[in-house]
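These are my notebook entries on what I looked up in this structure. I kept them in the order in which I went through the elements.

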Amino acid sequence: MYIGVEETHYEYRPRLIIWQLTSAGDLSGMQNAVLSQHECLLILDSIARFAKPIVVFTGPDITSRTDLHKIVSYGNTLGLKTIVEVKPDQLTANLAEQFHQFGSRVFRLTIDGCIDEDGEMRFKQTPSYLKLEGAVKLLREKKFEIHFSVKIDQPNLRKLGYYLDYAFRCNAQGLYCHLSFDKSIPEVAVGDGFSHSLDEFIGSISDMKYLVPNDMYFSPQCVKYIPYSVGDNGFDFSHSEHPRWIHCCLAGKSFAYIAEDGKVYMCSTRCKECGDLRENNYDFKRLWSSASILNLLRSYQRTCVQTRLLFKEHNILFNNHDVMINNLMEIKQ
């Protein structure tokens, strides 16, 4: 079913936007350079006039942006809840003092690569781990809540379990997972006598949620867990200790990813570009509502793997989707 632009304005609004403000490479002198402060403010203004999502600012060496405070301040002035993800070695006392005006939840520490298991010490006392410990101590001293984020680019439950264990031992308020499986990661891995899918991995995360306190957030950011419907699938879990859950991809429904050059993608893997905010006069609402890929995703309730396969199996469909929409619009008229 085709969902028209006028319908998406009300039916689907962004609730979470991950926005990478800095680039891993050098974009200086290139046509698609990093968004300027003025461009960021224009986009924030457009977002706030359309919805009031959580905006998570991230990116390598994000504190190198001297306008970071101004961007966050403008978002807060517009009524947006803004979060800044920083590496432990980027967090300083001066930075904490500067951003404290935005509340006790403004920071998330990215703990990628900081936690390694150790048979004797539980966690290896590496330089990155010790910097993480110092950053946690600083946040506590400055009266911030403890929130962590982690990028998951491999379906490794044991490694994720150690991240969760560390967050639990720190009495953290949240561990936020960014699913970033690139095209090289197979949807289903088959080995000697076993098979395991990305969907099973994501489903296992919902089982791990029962191991943490009720007041601690732990979940991927781009999916939503929903209970199995007994009537739909014939399975009866009424006698189970915990309900069984499935997940659905939120791309285009309530989740979006903005890259450092203003391009919008369906998720952080950047597998499919949905549009360019520069080409849309920095109008996020227009892009969100009219992007053909996002509108097509709204016609489905799919898991992460099903969404990936949709792009792989129907690549021609996506490439020609603009033509299909134009034809449908002509028929409606």
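I began with the contacts of Asn280 and, setting aside residues up to four places away in sequence, I found that Asn280 touches Arg286 and Leu287. I placed Asn280 in the loop between β16 and α9 (284-290). Since the model is a predicted one, I note these as computed values. Is Asn280 buried or exposed? Its relative accessibility is 15%, and because the cut-off for buried is under 20%, Asn280 counts as buried.

Next I looked up the sheet, which is open and has ten strands in the order β11-β8-β7-β4-β3-β2-β1-β14-β15-β16, with mixed pairing. I found β11 (217-220) and β16 (273-276) at the edges, where each has a single partner strand, so one side of each has no neighbour in the sheet. From one strand to the next, the twist averages 25°. I then checked what packs on the sheet: α3 touches β2 and β3 (81-86), and its direction makes about 155° with that of β3. Helix α5 (residues 127-141) lies across β4 (107-110) and β7, and I noted that α5 runs at about 170° to β4.

Which residue of β8 is the bridge partner of Phe148? I found that it is Leu175. Both residues came up again in the largest nonpolar core, where, of the 100 residues, Trp19, Phe107, Phe148 and Leu175 touch the most other members. Helix α2 (residues 37-50) gives the most to this core, with seven residues. I also listed the contacts of Leu175 beyond four places in sequence, and among them are Ile111, Tyr163, Leu164, Ala167, Met216 and Phe218.

At its N-terminal end I found a cap from Asn156, with a side-chain oxygen 3.2 Å from the backbone nitrogen of Arg158. Just after α6, Asn171 takes a positive phi of about 55°.

I then went back to α5, which has 15 residues and reaches 21 Å from its first C-alpha to its last, close to the 21 Å expected at 1.5 Å a residue. I recorded its buried residues as Tyr129, Leu132, Ala135, Val136, Leu138 and Leu139, and these pack against α4 (93-99), β4, β6 (122-123), β7 and α6. Just after α5, Lys143 takes a positive phi of about 65°.

My last entry is on Ile62, which I located in the loop between β2 (54-58) and α3 (68-77). Ile62 is buried, with a relative accessible area of 0%. Leaving aside neighbours within four places in sequence, I found Ile62 in contact with Leu21, Thr22, Phe57, Leu68, Val84, Glu85, Val86 and Gln90. For one of these, Val84, I looked up the spacing as well: the C-alpha atoms of Ile62 and Val84 are separated by 8.5 Å, although the two residues are 22 residues apart along the chain.

Conventions. Residues are numbered from 1 along each chain as its sequence is written. This is a predicted model: local features need pLDDT of at least 70, side-chain atom pairs count only at pLDDT 80 or more; totals for chains, interfaces and linings use all residues. Side-chain values use heavy atoms; hydrogens and water are left out. A polar contact is a pair of N or O atoms within 3.5 Å; within protein, one must be able to donate a hydrogen and the other to accept it, and residues adjacent in sequence count only if both atoms are side-chain atoms. Helices (H or I, at least four residues) and strands (E, at least two) are DSSP runs, numbered from the N terminus. Buried means under 20% relative accessible area, exposed over 50%, partly exposed in between (1.4 Å probe, protein chains only). Contact means heavy atoms within 4.5 Å. Two strands pair if DSSP finds at least two bridges between them. Axes are lines fitted to C-alpha atoms, for helices over the stretch in contact, and angles run from 0 to 180 degrees between N-to-C directions. A nonpolar core is a set of buried Ala, Val, Leu, Ile, Met, Phe, Trp, Tyr and Cys residues joined through side-chain atoms within 4.5 Å. The expected span of a helix is 1.5 Å times one less than its number of residues.
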